[in-house]
Amino acid sequence: MWDPQQYLAFDDHRSRPFHELLGRIGADRPRRVTDLGCGPGHLTSVLSQRWPEAIIEASDASPEMVAAARARGVHATLLDVRDWTPEPDTDVVVSNAVLQWVPGHPTLLDEWARKLPPGAWLAIQVPGNFDAPSHRCIRELAGREQWQDALEPAGLLQPRNVLDPTGYATLLADAGCAVDAWETTYLQRLTGDDPVLKWVSGTALRPVRDTLDDVGWDRFVAELAPMLREAYPKQPDGTTWLPFRRVFAVARTPS
């Protein structure tokens, strides 16, 4: 279950990649703009502001996120991205920090690129930090005897199937697109107690929270917290540095 409030706790940090992704889309007057995985809808309004004449189509697979988006006035629908098919007038598709949750998503990207109309834009961004200390700590703890049976079905013991920029560029170029792909490692400066734990609680730890009851969850995070403190030590000024790698790809279908 997604918690929109927890997800928005680091809104400034999480939103920056979206804006940088959007900055590489060259569409002038798209007919339809689709936000796949709109989350709580706080960034969907940016699409409306940039392209006020376009039909804005927003969806998410989480009922909680859809409800939060609708509360913001976003006309969001409940939809798994694997079930999405572009309308004939879809000129821009944005998928921000979603596809890392979708096994086999490279196949989806290939299908979307081939189904979109001529000259359409397809822009994605995914975290590329699944080998970072934070995620290694989570997998290490989930793999311990007391947790393995409960958490192995949640898929926590395997890294996510995310490609590097060359992988996405090759995939989309093979589908006939012109591609701009890159990666960026943001150095997030976090404050407060156990900030990395709070950060991953809104994303990477979601399958753990969904799987464990309240008692189990409290035990798990109590064991994880000191591991993360050691991996990300607090600086003398009380802040904590969190390097966060992101992978981007913006493709345009042939005209």
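Predicted model: local features only at pLDDT ≥ 70, side-chain atom pairs only at ≥ 80, totals over all residues.
Visitor: Is Glu20 buried, partly exposed or exposed?
Guide: Buried requires under 20% relative accessible area, and exposed requires over 50%. Glu20 has 30% relative accessibility, so this residue falls in between. Glu20 therefore counts as partly exposed.

Visitor: How far apart are the closest N and O atoms of Asp80 and Arg82?
Guide: Asp80 is partly exposed at 22% relative accessibility, and Arg82 is partly exposed at 48%. Their side chains form a salt bridge, for which the cut-off is 4 Å. In the pair of Asp80 and Arg82, the closest N and O atoms are separated by 2.7 Å.

Visitor: How many residues apart in sequence are the parts that Lys234 and Asp193 tie together?
Guide: The side chains of Lys234 and Asp193 meet in a salt bridge at 3.3 Å, N to O. Lys234 belongs to the loop between α11 and β7 (240-252), whereas Asp193 belongs to the loop between β6 (178-190) and α9. The pair therefore links parts whose separation in sequence is 41 residues.

Visitor: How many of the 10 residues of helix α6 are buried?
Guide: Helix α6 spans residues 133-142 and is mostly covered. Its buried residues include Cys137, Ile138 and Leu141, and the cover includes α7 (145-151), α9 (195-201) and α11 (214-231). Of the 10 residues in α6, the number buried is seven.

Methods: Residues numbered from 1 in each chain as written. Heavy atoms only, no water. Buried < 20%, exposed > 50% of the residue type's maximum accessible area, 1.4 Å probe, protein only. Helix = DSSP H or I, 4+ residues; strand = E, 2+ residues; numbered from the N terminus. Contact = heavy atoms within 4.5 Å.
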